[in-house]
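Here are some notes to read alongside the structure. They start with confidence, then go from overall layout to a sheet and the cores.

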Amino acid sequence: MHYFIGNLGHFLVILSFISSLAAFFAYFKATGKEDIEEKASWLLNGKISFYVHALAVLGISITLFTIIANHYFEYHYAFSHSDKKLPTHYLISTFWNGQEGSFLLWMFWQAILGVILINTNKFWQAPVMTIFALVQAFLASMILGVVLPIIDFKIGSSPFILLRESMADAPIFKMQPEFIPEDGNGLNPLLQNYWMVIHPPVLFLGFASTLIPFSFCMAGLWLKKYRDWVRPALPWALFSGAVLGLGILMGGYWAYETLNFGGYWNWDPVENAVYVPWLFLVASIHTMITYKNSETALKASIILVITTFILILYSTFLTRSGVLGDASVHSFTDLGLSGQLLVYLLVFLFGAIVLATIRWKEIPSSDKEASTYSREFWIFMGATTLCLMGFQVLLPTSIPVWNKFVTIFGASSNMAPPADQMAYYSKFQIWFAIVIGFLSAVGQFFWWKKIDKSELKKELQVPVLIALLISVIIITIGQVTKPAYLLLIIAAVLTIVGNSKILLSILKKNPALSGGAIAHIGMGMMLLGILFSSGYSTVVSLNNTGLLYSRDAGEEFNRDNLLLFLHEPRTMAGYDIEYISQKLELRNGDGYIDKYDVQLTPDEDKVIALKDGDGYKAKDTLQVFGENTYFEIEFRKDGNVYKLYPRAQINPDMGGILSSPDIHRTLKSDFYTYTSSIMKPDEEKEWSEMQELKTALDKDFFANDYVSTVTNVVKVDEVPGTILSQDDVAVKATIKVKGAREEYTAEPYFLIRDKMVGRISAEIPQLGVLFTLVNIHPETNEFTIGTNTRQKDWVVIKSLEKPLINVLWIGTLVLMAGFTIAMLRRYREFQLMKEKGQE
Amino acid sequence: MKKSHIFLILVIAVAIALVISTGNDASTYVTFKDAHQMASNGNSSQIHVVGELKKDNLGNVVGIYEGADKVSFTFIMIDDQQKEQIVQYNQPMPADFTKSEKVVVIGSYQGDNFIAEKILLKCPSKYQEDTINA
């Protein structure tokens with residue numbers, strides 16, 4: 001038992017909690033002091049406390065990772081989330097697999113961001129870090145794991161509890177308190193994907209960075225510097241928008257590659273919970289930029305920055321309190337933190353509202369009415385649309401909260417989220433997207449040029465014509481007819497064309513200002529990619545096997561899945577689809593080996609080769625990833641052949657069989673296939689009754705419709721699996737069978753042992769045929785061969801074709817590039833002011 | 001009236017419209033009995049039913065039948081009021097279906113059959129291991 005490291009971890013958690021409170025107090029004091037010397041000493045106190053806090057957080061992370069990496073399974077966290085087989089990079093993702101670890105990741109980023117802010121800000125340091133330290137204290141309390149005496153209230157859930165503490169009732173610990181499990185439970189196979197190593201840190205960095213604009217905003221209100229907080233906050237808001245957006249799309253990409261719901265976005269509450277704050281964040285960026293240029297929209301900026309942060313807290317509450325229970329497929333279970341999370345949310349909600357209300361009258365606002373031809377008007381419209389877009393998603397996502405809320409007042413509500421989430425959200429969001437598309441095309445022209453009515457016409461004429469022309473081409477080729485789709489295509493293309501025109505003129509003048517135009521081009525591309533990949537996704541694997549499922553089913557149903565028997569091609573949606581083989585992946589990275597060409601051993605990760613192959617010989621023992629089976633599926637159309645290897649992972653610990661798709665990518669479309677059902681590996685095979693027939697050497701006969709021939713019958717001295725004595729006689733028959741793709745060999749044995757007849761049958765698993773040498777007739781040179789047949793190996797697949805999905809991914813990258821350029825520009829502005837001693 | 005006021009009223013109007021439409025489009029959590037009643041009253045909207053799979057005394061799931069084409073199956077579900085119902089699902093069986101502790105089916109009655117369009121499974125074991133075997 002390694003007690004020390006757990007105690008150390010626990011100590012560091014407590015230290016991080018106390019030091020963040022100390023930093024909060026010291027920075028709070030420093031903010032209020034007028035006297036320069038006093039202020040400096042409080043500042044120093046705050047700084048030291050925060051550094052201690054940051055080091056403690058770093059220490060907690062190292063400690064937790066040490067426990068995981070060294071496989072200390074006496075600790076609950078290591079036991080529940082990892083095992084010995086996991087390679088290092090997945091051990092890292094184990095770190096944030098549990099809820100405690102993900103809080104820790106969040107704290108870790110905020111600690112780093114806090115240190116950066118301390119070192120880049122003078123004037124703002126004290127008030128901003130006051131807010132930062134308070135948030136850190138709340139987060140640290142989530143992993144505190146301390147039980148308050150007397151009232152017996154548990155604060156936080158510690159990642160450092162021992163297994164026996166978390167499973168106090170398990171009988172094994174009553175008998176053997178020192179018991180340490182040999183191996184852990186392992187990581188959910190769906191999370192064993194490189195995106196799961198990189199996506200959570202990015203997403204949590206996005207979460208963490210939304211705190212910065214919020215802190216500056218609060219600091220501005222607090223110190224009555226109503227105008228000045230925007231400059232330092234803006235580059236961070238852009239940073240946050242880029243990172244959070246990237247995190248969300250990485251999550252989508254992971255889902256697309258690994259999960260099998262057939263897409264990248266499912267409108268699951270957990271996904272919505274990050275999408276909504278991102279929309280508000282982007283809206284706030286727009287109003288802040290407007291303010292920087294024209295002194296309008298300051299109040300709107302304050303409201304939006306606060307809302308963004310509160311929504312981040314709200315989404316934390318949604319996903320971690322267990323309130324989504326029946327509504328989401330993948331939210332965390334309740335760790336008993338819901339009360340604490342609610343307090344966290346409400347403190348900042350009311351704190352921010354109260355502060356803003358007190359200061360509201362003093363906040364400068366312009367009474368100037370924005371003209372329809374001003375850029376402010378257009379940006380404000382865009383920001384409002386983004387907010388409504390988020391609001392629409394927020395409402396149904398909050399239904400479970402509403403149900404809980406009304407029970408407090410004794411009422412009851414049985415509202416459930418919309419049944420068909422995809423269709424429901426899409427029908428609203430598409431209209432918002434259309435508006436956004438048009439606004440960001442037209443708005444950008446207003447932004448860069450002082451424009452009146454006649455000039456607008458002149459400026460827009462060419463881009464509109466080009467955009468219409470391109471749209472017509474796209475619409476014709478894509479055969480688009482739905483009005484909403486038509487409008488979205490025009491809006492997206494107009495955004496791309498209009499912003500490209502602006503981009504060209506900016507690049508000539510000052511490339512540093514090109515961020516906005518590039519970001520909007522990226523957004524236009526994303527809209528196009530989303531429209532086609534989702535709206536025109538087609539199912540290729542329509543079932544036309546004619547096998548009807550009759551029980552009680554009165555109607556004809558849409559069957560999007562297809563049953564494929566080994567080597568029996570099916571034709572559908574213009575494709576020939578054939579199930580070729582099952583493969584295992586070699587651990588040495590040399591590719592795949594056919595599952596029928598190996599003999600399995602009790603250790604699932606080791607197999608013995610049955611024939612020579614690339615880099616190995618028959619009877620070699622090979623290392624494979626035993627959990628994973630790859631199904632080789634061939635698609636043929638117009639002379640093109642695609643081979644896809646969707647994966648099925650057999651993992652009883654994690655709930656059976658998990659399948660991941662394989663994707664064939666082209667610029668035009670992605671071809672996406674996964675196994676929706678496979679043969680259970682441990683299921684007994686059902687053989688038909690034996691058919692016997694007499695045949696002679698080299699004479700063709702039919703076995704399960706395959707042409708077969710006995711090519712050789714010899715007396716042998718060795719029979720695998722048995723030891724022969726002197727008087728025993730053994731005979732081996734060699735039977736060749738012509739399959740659709742290749743010729744197979746079966747070698748059944750016939751033996752006479754102690755005057756008793758024994759028979760060892762031989763199976764050709766590819767064909768589902770079992771051969772038995774039933775009898776030998778030396779007098780006529782004939783043999784009796786018995787054949788049993790079974791259902792051939794099968795797999796059920798679902799295949800989709802997703803047009804233009806890569807335009808979405810490329811658009812994402814373009815959007816991120818735009819954010820980054822804008823961020824660098826705004827940061828330079830802030831730095832210039834700081835050098836002048838203004839910040 | 002200023003233009004900004006009109007704009008504000010417009011935004012509020014859209015927001016209210018969204019709230020109302022959310023209320024209208026929301027599905028409901030009901031029991032099989034209520035769902036059946038709804039369907040016989042001609043209301044074919046999709047609803048959520050929460051329940052468990054039928055199990056024998058040993059805890060084995062019973063009553064699952066797979067279709068011949070292996071792309072559909074039926075099972076017996078017991079709702080919170082202990083009513084048993086055969087549920088039909090026109091997709092292959094989800095992998096960890098039989099291990100689920102709780103099942104939420106989203107769909108509607110067609111005649112006396114409940115047709116599920118979507119199944120949500122609650123398998124706590126996926127995220128949290130509560131037992132240990134030495």
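This is a predicted model: local features need pLDDT of at least 70, side-chain atom pairs count only at pLDDT 80 or more; totals for chains, interfaces and linings use all residues.

1. Confidence in chain B. Chain B has a mean pLDDT of 81. In this chain, 90% of the residues reach 70 or more. Which element of chain B has the lowest mean pLDDT, and which the highest? Strand E3 of chain B, residues 65-66, has the lowest, at 82. Strand E5 of chain B, residues 84-89, has the highest, at 90. One stretch needs care: over residues 125-131 of chain B, the pLDDT is below 50. Beyond near neighbours in sequence, that stretch still has 12 contacts in the model.

2. Overall layout of chain A. Chain A has 839 residues, and 47% of them are buried. It holds 21 helices and 28 strands. Along the principal axes, its C-alpha atoms fill a box of roughly 115 × 75 × 55 Å. Take the contacts in chain A with a separation of 6 or more: 67% of them are between residues 24 or more positions apart.

3. Domains of chain A. The domain assignment gives four entries for this chain. Domain 1 covers 1-187 and domain 2 covers 193-363. Domain 3 is written in two pieces, 562-683 and 796-800. Domain 4 covers 691-790. The centres of domain 1 and domain 3 of chain A, taken over C-alpha atoms, are 43 Å apart.

4. A three-stranded sheet in chain A. In what order do the strands of this open sheet come? The order is E9-E10-E11 of chain A, with antiparallel pairing. E9 and E11 of chain A are the edge strands, each pairing on one side only. On average, neighbouring strands of this sheet are turned by 40 degrees against each other, direction ignored.

5. Pairing within that sheet. Start with E9 of chain A (residues 598-600) and E10 of chain A (residues 606-609), which are joined by three bridges. These two strands form a hairpin, with five residues between them. Here A:Gln599 stands opposite A:Ile608. On to the next pair: three bridges also link E10 of chain A to E11 of chain A, residues 621-623. A:Val607 has A:Leu622 as its bridge partner. A:Lys606 stands opposite A:Gln623.

6. The largest nonpolar core. This core has 214 residues. Which residues have the most contacts inside it? They are A:Tyr75, A:Met129, A:Cys217 and A:Ala233. Helix H11 of chain A, residues 230-258, gives the most to this core, with 16 residues. Look at A:Cys217 in particular. Leaving aside its neighbours within four places in sequence, A:Cys217 is in contact with A:Trp229, A:Ala233, A:Ile302, A:Val305 and A:Ile306.

7. A second core. A separate core has 20 residues. Among them are B:Phe73, B:Phe97, B:Val105 and B:Ala116.

Definitions and conventions. Residues are numbered from 1 along each chain as its sequence is written. Chains are lettered from A and ligands numbered from 1 in the order in which they are written. Domain bounds come from an automatic or database domain assignment. Two strands pair if DSSP finds at least two bridges between them. Helices (H or I, at least four residues) and strands (E, at least two) are DSSP runs, numbered from the N terminus. Axes are lines fitted to C-alpha atoms, for helices over the stretch in contact, and angles run from 0 to 180 degrees between N-to-C directions. A residue is buried if 20 or more other C-beta atoms lie within 10 Å of its own, exposed if 12 or fewer, and partly exposed in between; C-beta atoms are placed from the backbone. Two residues are in contact if their C-beta atoms, placed from the backbone, lie within 7 Å. pLDDT is the predictor's confidence in each residue, from 0 to 100. A nonpolar core is a set of buried Ala, Val, Leu, Ile, Met, Phe, Trp, Tyr and Cys residues joined through C-beta atoms within 7 Å.
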